[in-house]
Amino acid sequence: MSTNESTGSRMRERYQQKMLEIRGAFESGASGAATIAARSKAIDELAIGLWAEEVQRDRRLATGISLVAIGGYGRGQLFPYSDVDLLYLLDGRLAEKDVKDAIRRVNQEMWDSGIRISPATRKLAECERFDEENAEFAVSLMDHRQLAGDALLYRKLATVTIPKLLQREQKGLMARLTELTRARHAKYGDTLFHLEPNIKDCPGGLRDVHVCSWMTLLRGVGPEATGRVASNGNADEDGEFGKAVEFLWLVRCFLHYRHERDDNSLDWQAQDAAAAAGIGMDGAAPPNADAAYWMRFYFRHARRVERRVSQMMGEAPLDKPRLKLLGLRRERRTEPLQQGFRVERGRIVLDALVDGGSGAPAHDPAQDPDIVLDVFEAMARTGCALGEEAEQRLLLALPVLSAQLEEGPALWQHLQRILTGRHAGDALRTMHVLGVLELLIPEFHGIDALVIRDAYHRYTVDEHTFVLIDTLHGLESAQEGPMAEWAAQFGRVLRELPHPGLLYLAALMHDTGKGRSTDDHAKESMTMAQGVLERLELDSYESGMVSSLIANHLEMSLAMRRDIFDRQTVRAFAGKVQTPEALRMLALFTYADINAVHPDALTPWKAENLWRLYMATSNYLDRNVDEDRVGAQEESELVHRVSALLPGQRSAVAEYLDGFPERYVLTRTPEQIRANFQRFQRFAEDSVQLDFRYAPGVSELTLVTPDRALLFANMTGALAAWGMNIVTADAFSNRHGVVVDSFRFTDSFRTLEMNASEHEAFVKSVHEVMTGTLPVEKLLSGRRRGRRKVPKVVVESRIEFDDAASSHSTLLEVVAQDTTGLLHALSLTLARQGCNIEVALVDTEGETAIDVFYLTRNGAKLSQDEERELREALLRAIEENTRS
Amino acid sequence: MQKIEAVIQPSKLDAVKDALVEIGVEGMTITEARGHGRQKGHTEFYRGREYSVDLLPKVKLELVVKDEMLDRAITAITTAARTGTIGDGKIFVSKIDEAIRIRNDERGEVAL
């Protein structure tokens, strides 16, 4: 054995010994930072030693060549099995052939020591060139350290060549880095949520940490230098981000030792092992901490990193396609959005101060709850991200915001605008990370990064919620791919929703119960949502809708596991949803909920089944109402629940409910039925019992009265005369001729909204019409008429009769353009044709009115001739009402 | 070895799976499928619009069993999937020449 060989062998043994010691130290609790620094140092010793031998062998190598550590090795961060980037730098005095053997021997020794070395030999001048096809080399040069050789040569590289390269190519490098990062993220489906994430390359992984440090460095060297200190991605550079980096370092060391190679996949078994070893938990883990608990930490840290890198990429110079995407014509365009903030290069920037108004001192917009909520509304509406500085200011302002935040309807209006914005998911993610969402809805905190650990749930519970909201908004525009047809179909249903905000609020809250250990998370989520609904002061209809949607959010998925062509399945499901609006919301919710479990969970097959169940249930709700009626001897739970509220009146209640369609009992709470029953009991003093509930959006009027001719027509006429546009209505009667009609309507001219005093006059005039003291024609003759709006969608009038839907009535379905007074025109025509309305179900989908009536004439179904005559009369009435 | 392909109603999938697991069959492939035989499609009306339902949703199970398990597996499937009405589905049986476990190259029934 030659002297050189024995020295090399000694160095190799020392290195391997050192590796064992480093591993031992790690397993005894050394930090990730210490471990990667120790390996880097051990390799330094080996490389320096090997090179010294070569210089001893050939003195010409003392000058003109320098050994430079670059890339991760240049940062002094070498994970246990990472490869080692080594640059042999020449300045031209030595030819490559003169150094070839020495380099080969050093590389060989390192390979033989078990090190995966990635060597590069370059002349100084070559390092200054930027090759777009090999931008990775220029990037790796950003992290450099001299190991051995010609110090003067290295100094030239460090102080002249690299700064010159970075300054000249700053924009190109930033754009390329952004492009490479986006491509890498796209490879991982643009999400950090994976069942078995690769902690180096996934979004939120260590590669993103490096991108952050390179971006910071590049910002500091260009002509637009921000004055930031160039960072090498040290863990101590700032609190939360630093903690995330240290966590990822530790996990990567753990994975390398576990796999005994450069394998960074955090697979299922590795997650169990990391949880059992408490990796990165600093003793904070409870004794029963399992892999799900541990993964929660991983996702929180990865989210922090992913956020930082997205922000940095967003602030990098924009390329043309992205400028176009953001609708910004020029890179430097500044758009003031509202008071307190503006948009610069697609990012929202807070103003320094805003005028306090009326002599009050100017104040920080970050501390003004209205401005902060306006900022998130703008994000949701425009898709612009929040600038880094604005985020920092919001974080600092949280305690002040918390003290100044007011709840109630104003907050609901803000929240509703955020939730219904096209980019609500992104705005909510930002609110969540900054803690603003938890400030508004503390109930959300329990599901922060909560992991459902099975092979199916891809996202954490909070992210699942945001993906669900993204999916719903995605239905608003045309899609491509296998789901396009179904997205368009459900998209139409979404556009028809009168109150989309309620659907989104239910979506936001639907899984909050998972944060608590209960068997029934849907019920728990509903209970938790009650507090939110009370704080936002939603009215009883809105609260009821949100609560039932949350409580029933799994029902449609469950029904899909039954035979959806079986009438019993449809009937049972319809009994749970009760109203067409709730059904529409639940169908949309289920579509989005399935899609938000896993990217492949929603298939065209499932969407089709969902659609069929939706269609069958919708038809059931419209077409089976007249058949299922409450009997006098009914012993159902619903009847019991109503009777329980009226002690001692059980038989009177049974008599009142006798003959009402079941839908009347199903779509009302026992308390509402009790109130209607009590109104019925007051017939002796006044046989026209009205209950008016005003709300800024949709108001509600309920009429309880004995049945008589023209009742429905007069009521709809009175509402039309006041300019009220009926959105939904239903009319039911029992066996004894007691009618309960409910109308939900919007206030076209804002008469009731602008004049609180008019509420009483409104109810009085409706009462007079119903008692016959004021002819409805007189009221209608003074009717205000607004400027006729050109409809966005022209709806062709269609009249259909169905003689099979009911055993004793003829079903009439009218589909027409929704206009004020339409229902009055229809019901008046029905009355003039001698038809009795047994049941009426009135609904509006966007600009389409869909009104279903169960009719009899002289106590029987309509004949074919009567139907033909009625059809013509109705079409004429629709036409006249549209023209008037 | 025999291959069983069963086309059944989606609502019967859980029951069929449980029945097969009970007799010791655990490996199977399940595919979302559509089809119609004697149970023809039909037309649905929804809010004044007409939708034709030509192909009905089904699921297809594929499993390979030892020869002696064939009858028990078929009985398990038919018992669990039967409602007695048109549309309950069909079972197809074919012979399999070879099965190979990719991981360790095991062949024949041990690879099942």
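Helices are DSSP runs of H or I with at least four residues, numbered from the N terminus. By that rule, A:Gly172 belongs to helix α7 of chain A, which covers residues 151–187. The structure described here is a predicted model.

**A glycine in helix α7**

A residue counts as buried if 20 or more other C-beta atoms lie within 10 Å of its own, and as exposed if there are 12 or fewer. A:Gly172 has 14 such atoms within 10 Å, so A:Gly172 is partly exposed. In sequence, A:Gly172 and A:Phe130 are separated by 42 residues, while their C-alpha atoms are 9.3 Å apart in space.

**Confidence**

For the complex, the predictor reports an ipTM of 0.79 and a pTM of 0.78. Chain A has an average pLDDT of 88, and 93% of its residues score at least 70. For chain B the average is 87, with 84% of the residues at 70 or above. Within chain A, helix α20 (residues 500–509) has the highest confidence, at 97, and helix α12 (residues 320–325) the lowest, at a mean of 51.

Two stretches of chain A call for caution. Over residues 223–237 of chain A, pLDDT stays under 50, and the model has 30 contacts beyond four places in sequence for them. Over residues 326–332 of chain A, pLDDT also stays under 50, with nine such contacts.

Helix α14 of chain A spans residues 388–404 and has 17 residues. From first C-alpha to last, α14(A) reaches 23 Å, close to the 24 Å expected at 1.5 Å a residue. At A:Leu398, α14(A) bends by about 55°, and the proline A:Pro399 follows within four residues. The residues A:Ala390, A:Leu394 and A:Ala397 of α14(A) are buried. Residues three or four places apart in an α-helix point the same way, because the helix has 3.6 residues a turn. The buried residues of α14(A) pack against several elements of chain A, including β7 (347–350), α13 (369–382) and α16 (424–434).

Of the 11 residues of α16(A), 10 are buried, so this helix is largely enclosed by the rest of the structure. Among the buried residues are A:Ala424, A:Asp426, A:Arg429, A:His432 and A:Leu434. Just after α16(A), A:Gly435 has a positive phi of about 90°.

| Strand pair | Bridges | Direction |
|---|---|---|
| β11(A) (residues 724–733) and β15(A) | three | antiparallel |
| β11(A) and β12(A) (residues 738–747) | nine | antiparallel |
| β15(A) and β16(A) (residues 848–856) | nine | antiparallel |

Why is β11(A) described as largely enclosed by the rest of the structure? The reason is that 10 of its 10 residues are buried. Strand β15 of chain A (residues 836–845) is also largely enclosed, because nine of its 10 residues are buried.

A:Thr728 stands opposite A:Arg744 in β12(A), and A:Ala731 stands opposite A:Ala840 in β15(A). A:Leu841 faces A:Val852 in β16(A) across the pairing.

Two of these pairs are hairpins. Between β11(A) and β12(A) there are four residues, and A:Gly737 in that turn has a positive phi of about 80°. Between β15(A) and β16(A) there are two residues, and A:Gly846 in that turn has a positive phi of about 60°.

**Nonpolar cores**

The largest nonpolar core has 178 residues, and A:Val251, A:Ala506, A:Val546 and A:Leu588 touch the most other members. Leaving out residues up to four places away in sequence, A:Val546 touches A:Leu502, A:Leu505, A:Ala506, A:Ala529, A:Leu533 and A:Leu538. Another core, of 68 residues, lies apart from the largest one and includes A:Ala718, A:Phe762, A:Val769 and A:Ala816.

**Chain B**

Chain B contains two helices and six strands. Along the sequence, their pattern is β-α-β-β-β-β-α-β. Of the 112 residues in chain B, 21% are buried. Among chain B contacts between residues at least 6 apart in sequence, 71% join residues at least 24 apart.

Notes:
Residues numbered from 1 in each chain as written. Chains lettered and ligands numbered in written order. Predicted model: local features only at pLDDT ≥ 70, side-chain atom pairs only at ≥ 80, totals over all residues. Pairing = 2+ DSSP bridges. Expected span 1.5 Å × (residues − 1). Bend = angle between axes of the 7 residues up to and from the residue. Contact = placed C-beta atoms within 7 Å. pLDDT = per-residue confidence, 0-100. Core = buried A, V, L, I, M, F, W, Y, C linked by C-beta atoms within 7 Å.
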